[in-house]
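Q: I would like to learn how to read some features of a model. Please take them one at a time.

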Amino acid sequence: MPLNISCPGCSTLNKVPAERLQDGPKCGKCKQPLFQGKPVDLTAANYQNMVTRNDIPVLVDCWASWCGPCKQFSPVFEQAAGQFEPKLRLAKLDTEGQQAIAAQLQIRSIPTLILFKQGKEVARISGALPLGQLKQWLNQNGVDL
């Protein structure tokens with residue numbers, strides 16, 4: 001059954017057969033790879049397609065440039081994107097630059113990680129995690145990595 005996967009470049013939804021996710025699918029519109037091994041920056045323009053319309057789980061890192069723990073966690077999140085795609089889409093939300101989305105998500109502390117499945121929030125945790133602990137938390141919340 002095809003899955004809806006949003007393009008990190010142009011936000012277009014692409015239908016990709018589940019068994020072809022590992023084959024390096026490209027966007028039908030802009031021809032960029034649908035999985036680039038790095039987190040997608042969330043904006044008001046791409047939030048809906050990236051978070052609510054992907055058929056794979058989406059993990060959002062809510063951060064700010066002035067936050068020390070956020071800076072420490074950033075390389076771990078980058079590494080996770082390289083390891084966990086295409087089973088999981090990773091995205092970053094700059095809570096200062098995207099205040100409306102941060103308010104909608106009710107971000108009270110940073111870093112905060114929010115896991116979405118089928119566009120619905122299923123889990124949330126605050127604080128920076130080492131990669132192994134992040135993977136364990138994802139597995140506990142139904143993400144099969």
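Q: Which backbone oxygen does the side chain of Ser-6 reach?
A: A polar contact is a pair of N or O atoms within 3.5 Å; within protein, one must be able to donate a hydrogen and the other to accept it, and residues adjacent in sequence count only if both atoms are side-chain atoms. Here the side chain of Ser-6 reaches the backbone oxygen of Asn-49 at 3.1 Å. The model is a predicted one, in which local features need pLDDT of at least 70 and side-chain atom pairs count only at pLDDT 80 or more, while totals for chains, interfaces and linings use all residues. Residues are numbered from 1 along each chain as its sequence is written, and side-chain values use heavy atoms, with hydrogens and water left out.

Q: Where is Ser-6 placed, and is Ser-6 buried or exposed?
A: Helices (H or I, at least four residues) and strands (E, at least two) are DSSP runs, numbered from the N terminus. Ser-6 belongs to strand E1, residues 2-6. Buried means under 20% relative accessible area, exposed over 50%, and partly exposed in between (1.4 Å probe, protein chains only). With a relative accessible area of 0%, Ser-6 is buried.

Q: With which side chain does the side chain of Ser-6 make a polar contact?
A: The partner is the side chain of Asn-54, at 2.8 Å. Asn-54 lies in the loop between helix H1 (47-52) and strand E4 (58-63), and its relative accessible area of 0% makes it buried. The side chain of Asn-54 also reaches the backbone oxygen of Met-50, at 2.7 Å.

Q: Which residues does Asn-54 touch, not counting residues up to four places away in sequence?
A: Contact means heavy atoms within 4.5 Å. On that basis Asn-54 touches Asn-4, Ile-5, Ser-6, Asn-49, Arg-89 and Gln-118. With the same exclusion of residues up to four places away, the residues that Ser-6 touches include Ser-11, Leu-34, Met-50 and Arg-89.

Q: What is the phi of Ser-11?
A: Phi of Ser-11 is near 70 degrees, a positive value in a residue other than glycine. Ser-11 sits in the loop between E1 and E2 and is buried, with a relative accessible area of 12%. Gln-106, not a glycine either, has a positive phi of about 55 degrees; its place is the loop between H3 and E6.

Q: Which residues does a cis peptide bond join, with omega about 5 degrees?
A: That bond joins Glu-85 and Pro-86. Pro-86 is in the loop between helix H2 (68-84) and strand E5 (89-94). Another cis peptide bond joins Ile-110 and Pro-111, with omega about -5 degrees, and Pro-111 is in the loop between helix H3 (99-104) and strand E6 (112-117).

Q: Which residues does Gly-37 touch, not counting residues up to four places away in sequence?
A: They are Glu-78, Ala-81, Gly-82 and Glu-85. Gly-37 is found in the loop between strand E2 (13-17) and strand E3 (40-41), and counts as partly exposed at 31% relative accessibility. Its C-alpha atom is 7.4 Å from that of Gln-83, 46 residues apart along the chain.

Q: How many helices and strands does the chain have?
A: The chain has four helices and seven strands. From the N terminus on, the order is β-β-β-α-β-α-β-α-β-β-α. Of the 145 residues, 46% count as buried.
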